[in-house]
Amino acid sequence: SSRGVCVFGDGASTRVIDLGSHPPQSSPLHTVPTITMMLAAFARHSLKRGAIPTAAAAAQSSMFLRTFADVPATMTAAVIRETGPSSVMKVETDYPTPKLAPGGVIIKNEYAGINFIDTYHRSGLYKRELPFIGGQEGGGTVVAVSPEAEQFCKVGDRVSYSSVFQTYCEYTAVPGAKVLPVPDDLDMAVAVSCGVQGLTAHYLTHSAHAQLVKPGEWMLIHGAGSGTCQWACQMAKIRGYKVIGTCSKSKADVARATGVDELIVLDEVPGTTYEDYTSVDIVAKVKEITGGEGVKCVIDGIGAATWEIALNSLARRGIFVSFGNASGAVPAYPPLRHIEKSSFMTRPKLNDYSVTREELLERADDIFGWLLAGKLNVSVDKVFDLKDVQLGHDYLEAGKSTGKVLYKIP
């Protein structure tokens, strides 16, 4: 009804739930989660009292726990029908809602994260089949669960997820094995911020270097005042490495707050997402700091502007971990560049470091645990409404961010 009153009973007891006033024209979706969870709870209550047969109770409870009946057929989404600048992203209000797949769940998104890889998809640098919805991480409430995914979550759970396409929208279909339960004490915006950036920083500082750097040895991390590498600097310190960070003058305070041992502050390149890496002789500074040896690992999301600096900063048998293209992609170069110090190079991606659910949960448990213990600080820099979808990408690509950038989903 327009009043939103739900009455149900088993003959021996009757419950009345006043869900508050909802105008007749408003979407029933807002009341459905409450009704569903109440009905499921009532079925379990009745079963305990023996008021309804066991089989019927189980069927009723399972039905209501698995799905919200009124997930709409269409939704609001930021859609890309042609690649190009941020202006190609258009908010549509009648985009088809994804269907529940075997092994999957449907999430009603509260936030979606914005990452540089999203701009690569939008621009066409990384190819995608058109049309598509932007984004690959988000978080919110589970509204539908396939039977195969019931081992991972249930309807009503607060969850986050990453490495799943099409998240700049109201509803996202997510493989059940990729959902992460969000602790009650953790804000959803922070939990979503832990997705691509947090998990990426974790595998970069824990796994991608193939243990060629040991606790107590030096690591160079570019972009210490921005996004992923704010996380990486903090995690590297938790891991026990000595860290040299680089950053622009405007982000020096943010970078220092990560706890780096040494900070190389650079001039800015106006209108870009990266610093002027020619304004300071970084290799000379690294050699000075490390007593002439160089670093055992370089974590570099800058790309074209820094790859030679990375190679020249390495110690013997050090590793260059290149994970991003903020200044353009690293060009092809001869393997003989590595012979001087028998060094290594890798170009990893998150999906290859979260192959199993066990690996994913191990990384997420570390991150959530550090956050709740106060060992890791997350900066949610700016939140844009989804209707301002273009502004979110413009902000990130202009190099303005000093932390996580999110969309608030209606």
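A nonpolar core is a set of buried Ala, Val, Leu, Ile, Met, Phe, Trp, Tyr and Cys residues joined through side-chain atoms within 4.5 Å.

**View A. The largest nonpolar core of the predicted model has 45 residues.** Within this core, M219, I221 and I367 have the most contacts. At least two core residues come from each of the helices α4 (188-206), α5 (227-239), α6 (252-256) and α9 (357-373). The strands β11 (218-221), β12 (242-248), β14 (295-300) and β15 (314-322) likewise each supply at least two. The greatest share belongs to α4, which gives 9 residues. In soluble globular proteins, nonpolar side chains tend to be buried together.

**View B. The surroundings of M219 are shown in close-up.**

**View C. Another core, of 26 residues, lies apart from the largest one.** Among its members are A77, L386, L396 and V405.

**View D. Three strands form an open sheet in the order β4-β3-β6.** The pairing in this sheet is antiparallel. At its edges are β4 (89-96) and β6 (132-133), each of which pairs on one side only. Strand β3 (residues 74-80) is joined to β6 over 2 bridges in the antiparallel sense. The bridge partner of V79 in β6 is I133. Helix α10 (residues 389-397) packs on the sheet and touches both β3 and β4. The direction of α10 makes about 140° with that of β4.

Conventions:
Residues are numbered from 1 along each chain as its sequence is written. This is a predicted model: local features need pLDDT of at least 70, side-chain atom pairs count only at pLDDT 80 or more; totals for chains, interfaces and linings use all residues. Side-chain values use heavy atoms; hydrogens and water are left out. Buried means under 20% relative accessible area, exposed over 50%, partly exposed in between (1.4 Å probe, protein chains only). Helices (H or I, at least four residues) and strands (E, at least two) are DSSP runs, numbered from the N terminus. Contact means heavy atoms within 4.5 Å. Two strands pair if DSSP finds at least two bridges between them. Axes are lines fitted to C-alpha atoms, for helices over the stretch in contact, and angles run from 0 to 180 degrees between N-to-C directions. Lists of a residue's contacts leave out its neighbours within four places in sequence.
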